[in-house]
Amino acid sequence: MILEIKTFPDEILRRKAKPVEVFDEKLHKLLDDMAETMYEAPGYGIAAPQVGESLRMVVIDDTAGKVKGRLIEVINPEILEKSGEIMEEEGCLSIPGEYAYVKRFAKVKVRCQDRHGNEKIIDGENKLARILQHEMDHLEGTLFIDKLPSIKRETIKKHLKKRIQAGDYVVTGGKK
Ligand SMILES: [Zn+2]
């Protein structure tokens, strides 16, 4: 099932998400729906808060579905190691149509759980490292625009205001 993607400045995107504690059928269905929603968008990753569920989990495919079998489910992640630096252009399914260069670690080692609660380690480099960091930021209520120099962030916000007035950008939920 395709889920509604929440858009900035919907307040759910600003909440710190809660750990996943129950690895049941309901969770598996949500993971399946998140993947379907990500592929349909299409995007390289989606975090549960982006579909209105304040839980610490994300799904990622660094080919956005171009290569089969690349889907990664990441539950309750934490970064164990990080190193290096990359600067690439990023976008976000929750701020569609806006892009900016964001500085990230070039390599991250992430410990997380799979859909059955088993521990796993993901070694991410370059693009995968960047996606992991972007998606994990969502679990803290952080968006890529927060990482930009304020001048660039204000430019994006002004642009969004114009787009909202023009009916070219739809805000879900609302701001508290
Ligand atoms: Zn995002």
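The largest nonpolar core of this predicted model has 16 residues, and Ile 60, Val 74, Ile 122 and Leu 132 have the most contacts inside it. A nonpolar core here is a set of buried Ala, Val, Leu, Ile, Met, Phe, Trp, Tyr and Cys residues joined through side-chain atoms within 4.5 Å. Buried means under 20% relative accessible area, exposed over 50%, and partly exposed in between (1.4 Å probe, protein chains only). Because the model is predicted, local features need pLDDT of at least 70 and side-chain atom pairs count only at pLDDT 80 or more, while totals for chains, interfaces and linings use all residues. Residues are numbered from 1 along each chain as its sequence is written, and side-chain values use heavy atoms, with hydrogens and water left out.

- Strand S2 (57-60), strand S3 (72-83), strand S6 (107-113) and helix H2 (126-138) each supply at least two residues of the core; helices (H or I, at least four residues) and strands (E, at least two) are DSSP runs, numbered from the N terminus.
- H2 gives the largest share of this core, 5 residues.
- Not counting residues up to four places away in sequence, Ile 60 touches several residues, including Met 38, Tyr 44, Val 74, Ile 131 and Leu 132; contact means heavy atoms within 4.5 Å.

**Zinc site**

- Cys 92 (SG), His 134 (NE2) and His 138 (NE2) coordinate the zinc ion at 2.0 to 2.3 Å.
- Donors are N, O and S atoms within 2.8 Å of the metal (3.2 Å for Na, K and Ca); water is not among the atoms, so sites may look incomplete.
- The spacing of the donor residues in sequence is C-x41-H-x3-H.
- Cys 92, in the loop between strand S4 (86-90) and strand S5 (100-104), and His 138, in helix H2, are 46 residues apart.
- Both Cys 92 and His 138 are buried.

**Salt bridges**

- The whole structure holds 16 salt bridges, each a side-chain nitrogen of Lys or Arg within 4 Å of a carboxyl oxygen of Asp or Glu.
- Arg 56 and Glu 140 meet through their side chains at 2.3 Å, N to O, and are 84 residues apart.
- Arg 56 is buried, at 13% relative accessible area, whereas Glu 140 is partly exposed, at 35%.
- Glu 73 and Arg 115 form a salt bridge at 2.8 Å, N to O; Glu 73 lies in strand S3 and Arg 115 in the loop between S6 and strand S7 (119-125), so the pair ties together parts 42 residues apart in sequence.
- Glu 90, Arg 104, Asp 137 and Lys 147 are linked in a salt-bridge network.
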